[in-house]
Amino acid sequence: MNVELVHIHKSFGAVHANNDISLSIKSGVIQGILGENGAGKSTLMKVLSGFIQADTGQILLDGKAVRIHTPSDAIKHGIGMLHQDPLDFPPMKIVDNMLIGHEGGLFPNRRQVSNSLTELQSQFGFNLDPEAYVDSLTVGERQQLEILRLLWLGARVLILDEPTTGISASQKEKLFETLKKLAEQGMVIIFVSHKLEDVEGLCHKIAVFRQGCLVGETVPPYNTDSLVELMFGKVVSLDEKTQLEGSEPVVEITNLSIDDNRIQIRGVNLTINCGEVIGLAGMEGSGQRQFLRTLAGLIRSVGGELRLSGKRMTGKPYHSFQTAGISYVPASRLEEGLIPGLSVTEHFILSEDQSGFFIDREKAVTICRDRIKTFNIKGEPVTRVEALSGGNQQRALLAMLRTPLRLLLLEHPTRGLDIESSIWIWSQLKDRCKQKTCIVFISADLEEVLHYSDRILVFYNGKVSQPLDAAATTVDQLGQLIGGKGF
Amino acid sequence: MLNKTSPVYKFGFQILAIVGALIFTTVVMLLAKAPPLEAYRLIVIGSVGSVGKISDVIVAWIPLLLATSGLLLTFAAGLWNIGIEGQITLGAIFTTLALRLLQDSALSPALIIIIGFLSGILGGMIWASLTGLLKIYGGVNEIFGGLGLNFVATALTIWLIFGPWKRPGVGSMSGTVPFDNLLWLPQVEGLRMSWWSLGIGLIGIVVVFLILQGTYFGLRLKAVGKNGRAAFIIGIPTGKYMMSAFFICGAFAGLAGATQVLAVYHRLIPSISSGYGFLGLMVAMLINYQALWAAPVALFFAALNIGSIQLPIVLKLDSTLSGVLQGALVLFVLMMDGVRRRLTAKKVN
């Protein structure tokens with residue numbers, strides 16, 4: 001089946017997630033979709049698989065326009081999507097997982113399903129027991145199950161979203177083999193990934209996305225450097241970098257190990273000096289978030305030690321981290337940072353120390369007006385935080401931080417903000433550094449990482465690079481490391 | 001064109017909801033072949049037709065107001081304290097226990113009554129803390145925990161009435177032996193209401209209003225309820241605050257139970273909570289968790305309850321008709337609110 005996407009547009013509020021995307025994929029082709037987080041890959045795939053609808057644009061299958069409103073519409077048209085986190089039902093048997101989503105009588109014929117499953121399996125050399133429960137499978141096996149299920153439902157187009165995350169090397173090999181076999185049978189495979197190596201090794205064609213646009217399509221032989229450049233764009237120069245002299249170690253991390261969901265981080269060593277900025281780069285889900293949250297005291301490490309100004313913090317509750325002068329600013333502002341339904345003033349009251357039993361509202365409003373002015377927040381003291389724009393929410397979060405701080409941890413501090421807001425936010429952060437606060441931040445924006453960090457750690461699949469000197473690193477080098485090359 | 005976010009617009013939808021609930025109830029009555037207008041008239045007369053009726057409404061209002069007050073705090077913390085029925089019951093049991101232990105002692109009746117109240121508060125708090133502990137440390141949803149504990153509380157009451165605390169001779173559904181008049185909360189001459197319990201009810205709602213409006217505690221409670229994750233990251237110990245909400249709500253429920261024993265029934269009866277806990281949940285939902293409206297709406301609900309008492313006698317209608325109207329009101333108000341939101345949301349898009 002030939003798949004054509006024609007002039008697809010999709011916006012979420014102010015974010016133009018898919019900006020006029022046109023892509024055509026011929027039968028039997030393994031199409032790679034490459035791009036950093038937020039580039040619009042997943043949005044396009046969700047449009048194709050019926051999870052969301054495009055604002056405008058058309059989907060053509062074998063030249064015929066089709067309307068896909070739900071995932072079940074998609075599978076009726078032969079489009080099946082394999083999600084990054086398997087969408088299966090762990091407490092149920094494999095055979096029952098196959099039956100879910102299958103149309104058919106009141107009483108399903110389990111034996112028949114089980115037989116056709118065995119038949120399908122033999123084609124690809126999979127070995128799943130139809131009577132086994134899904135929660136006893138590995139991530140790789142669950143992926144195999146999902147592929148079999150989609151094929152059994154009649155999928156002719158298979159979309160795979162970051163399928164190589166969390167599976168073993170041998171499972172990956174088997175997956176690639178399977179995908180190649182399916183392509184030979186005339187299926188369309190769409191392979192979404194940020195791993196350069198995987199995409200280069202598997203795909204017949206690569207489309208690169210950046211900031212909602214399709215910025216380029218290439219065919220083998222691939223040139224890694226040009227792919228990296230397509231993914232991250234050209235370097236734009238920002239304002240002058242201020243180097244801060246300070247050598248007093250504030251944070252000492254020795255042999256830190258973290259276990260969280262599918263990410264395992266082993267033996268990180270790092271010393272952060274007074275006023276230093278450390279940037280954490282890597283694709284989302286590579287472990288940098290777990291690392292940052294461990295520094296915040298939100299995740300307990302499974303090994304190693306964390307010291308703040310010589311004081312051992314390992315194993316202490318989050319509250320102790322806060323009182324020691326560590327602050328954490330999460331990326332999802334309205335989910336983890338702010339409290340929708342409460343006003344800006346109320347947020348400032350919450351972030352302050354309690355004085356007395358009753359709140360002095362008048363004083364609180366005065367303080368709030370003051371901060372609104374200092375932090376240039378466009379809103380009133382009574383404005384509810386959810387009514388603020390993203391940039392102003394970020395400003396409010398910064399305005400809530402205590403002074404002084406020893407260590408400030410930020411997740412995507414400027415994500416979704418315009419250049420002006422970003423620069424302003426960094427000027428505030430740099431002021432913090434002058435007041436001897438260390439900063440560790442995550443960003444998907446490589447220029448931001450390179451420009452504002454003193455040193456950089458790159459994360460790839462739980463592996464952590466040696467600290468890189470930001471001044472001596474280029475976007476290309478960083479891009480390659482992020483794509484998993486050079487570890 | 002009317003501004004869709006204005007209070008007038010919102011109010012209009014609430015009026016629509018009330019009209020809808022009335023129409024619904026009327027249809028129910030027509031289906032039951034009962035004269036709706038006559039039924040409504042009887043409800044009005046039955047609730048405000050005489051001083052005695054008004055006093056009865058107030059007697060029903062107090063426990064309902066206390067229950068609603070407590071629930072406003074658990075709702076603020078994002079908790080569905082369905083278990084409030086059991087907490088009221090345990091309050092009544094603890095009060096009865098205290099009175100039974102002390103009624104033959106040399107203590108002054110006033111002191112015994114005060115101890116009765118405190119004991120009731122303690123009972124409600126203990127029962128609420130069980131739900132809280134199950135929720136926070138056991139991962140049991142408070143709705144399930146509360147529901148289970150409600151059944152346990154009912155069983156406990158029945159066992160006490162027919163077992164250890166049974167009347168001389170044989171136990172009866174009419175409850176334990178009534179206490180001596182001296183242990184009754186002083187009532188208004190010739191009426192069933194007591195100024196004391198009315199005072200407790202009113203102070204209760206004022207306290208809750210102040211907690212939610214003006215204190216750090218109340219604001220943090222709301223933060224926990226609106227976004228527990230962010231509240232935790234900001235530095236609020238969310239478990240502690242949820243537990244406090246349960247404790248305080250339990251105290252209010254226990255107080256309601258104590259009032260039922262000390263001011264209304266003067267003994268333990270099988271359904272001592274009289275459903276005021278569940279009714280309180282409805283009131284809290286109906287007023288959209290705004291403490292300011294708790295007193296009038298609870299009063300209205302109490303009036304409906306008392307007003308419908310006559311229906312079975314005069315119209316051979318079951319008195320649960322008030323429940324139909326109350327339930328319909330809540331459902332219609334919530335539904336119209338949903339409709340309004342949808343309409344406003346479309347406007348934004």
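User: Where is Pro221(A) found, and what makes the peptide bond from Pro220(A) to Pro221(A) cis?

Analyst: In this predicted model, Pro221(A) is found in the loop between β10 (213-218) and α8 (224-232) of chain A. The bond that runs to Pro221(A) from Pro220(A) has omega near 0°, and it is cis. A cis peptide bond also joins Thr403(A) and Pro404(A), with omega about -5°. Pro404(A) lies in the loop between α14 (390-399) and β17 (407-411) of chain A.

User: What is stated about the phi of Gln211(A), and where is this residue placed?

Analyst: Gln211(A) is not a glycine, yet its phi is positive, about 45°. Its place is in the loop between β9 (205-210) and β10 of chain A.

User: Why is the pair Arg455(A) and Glu276(A) called a salt bridge?

Analyst: The term requires a side-chain nitrogen of Lys or Arg within 4 Å of a carboxyl oxygen of Asp or Glu. For Arg455(A) and Glu276(A) the N to O distance is 2.7 Å, so the pair meets the rule. The pair links distant parts of the chain, 179 residues apart: Arg455(A) is in strand β19 (residues 455-460) of chain A, while Glu276(A) is in the loop between β12 (263-273) and β13 (277-281) of chain A. Over all chains, the rule gives 28 salt bridges.

User: How do you know that a salt bridge crosses the interface of chain B and chain A?

Analyst: The rule finds one there. The side chains concerned are those of Glu336(A) and Arg229(B), with 3.1 Å from N to O; the cut-off is 4 Å, so this pair qualifies. On the side of chain B that touches chain A, two or more residues each come from α7 (195-214), α8 (216-226) and α9 (228-234) of chain B. The residues of that side divide into nine nonpolar, five polar and four charged.

User: How many residues take part in the contact, and what area is buried?

Analyst: Chain B gives 18 residues and chain A gives 29 residues. About 2100 Å² is buried between the two chains, with 64% of it from carbon and sulfur atoms. There are also 11 residue pairs in polar contact between them.

User: What is the volume of the second largest pocket, and which residues are the closest to its centre?

Analyst: Its volume is about 1100 Å³. Of its 30 lining residues, Gly341(A), Arg384(A), Lys226(B), Asn288(B) and Gln290(B) are the closest to the centre. The lining divides into 11 nonpolar, nine polar and 10 charged residues.

Terms used. Residues numbered from 1 in each chain as written. Chains lettered and ligands numbered in written order. Predicted model: local features only at pLDDT ≥ 70, side-chain atom pairs only at ≥ 80, totals over all residues. Heavy atoms only, no water. Contact = heavy atoms within 4.5 Å. Buried area = accessible area lost by both parts, 1.4 Å probe. Polar contact = N/O pair within 3.5 Å; in protein donor to acceptor, adjacent residues only side chain to side chain. Helix = DSSP H or I, 4+ residues; strand = E, 2+ residues; numbered from the N terminus. Nonpolar A, V, L, I, M, F, W, Y, C, P; charged D, E, K, R; others polar. 1 Å grid on protein atoms, 1.4 Å probe; cavity = no way out; pocket = protein on both sides within 12 Å on 5 of 7 lines; lining within 4 Å. Points joined across faces, edges and corners; volume = space filled by probe spheres on them.
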